[in-house]
Amino acid sequence: EMGLYDEAIRSLTYSGDDYQSNMNLGLSYMLKENYEGARQYYEKALELKQEDPLAHYSLAVLGARMQNEGMVRIHLRRAIQRDRSYMERAFDDPEFAAYHGKQAFREAMIR
């Protein structure tokens with residue numbers, strides 16, 4: 001909340017290697033614009049909680065920030081397949097505004 005990402009990361013490294021810690025570390029790294037670091041932690045969260053729609057959605061957002069359309073398509077589709085509410089969320093999310101007219105975004109919306 002305060003933008004103290006380095007302090008948050010230091011604190012989170014002591015919180016264990018569980019799903020929530022990895023998701024929080026992924027978010028912290030993404031907000032620091034360390035996208036490879038964020039990807040590592042989001043993927044670790046998926047290893048711990050396979051098929052988790054939030055982890056897939058977070059990886060789709062990361063893909064959008066990295067301008068990786070394939071990553072957007074794959075992970076957004078997986079999030080939506082596991083929880084249909086992510087479809088509406090993706091339409092309203094400014095992270096995906098640049099993708100609304102692109103093939104990758106349309107393919108992600110397919111069931």
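**Figure 1. Salt bridges in the predicted model.** Opposite charges on side chains can pair when the charged atoms come close. In this model, seven salt bridges are counted. The views below take up three of them, including the pair formed by Arg39 and Glu43.

**Figure 2. Arg39 and Glu43 pair up within helix 3.** Here the two side chains form a salt bridge, with an N to O distance of 3.2 Å. Both residues belong to helix 3, which covers residues 35-48. They sit four residues apart, or about one turn of the helix. Arg39 counts as partly exposed because its relative accessibility is 25%. Glu43, at 36%, is partly exposed as well.

**Figure 3. Arg73 and Glu107 join two helices by a salt bridge.** The closest N and O atoms of Arg73 and Glu107 are 3.1 Å apart. Arg73 is part of helix 5 (residues 69-82) and Glu107 is part of helix 7 (residues 103-108), so their pairing ties together parts of the chain that are 34 residues apart in sequence. Arg73 is partly exposed at 27% relative accessibility, and Glu107 is also partly exposed, with a relative accessible area of 23%.

Terms used. Residues are numbered from 1 along each chain as its sequence is written. This is a predicted model: local features need pLDDT of at least 70, side-chain atom pairs count only at pLDDT 80 or more; totals for chains, interfaces and linings use all residues. Side-chain values use heavy atoms; hydrogens and water are left out. A salt bridge is a side-chain nitrogen of Lys or Arg within 4 Å of a carboxyl oxygen of Asp or Glu. Buried means under 20% relative accessible area, exposed over 50%, partly exposed in between (1.4 Å probe, protein chains only).
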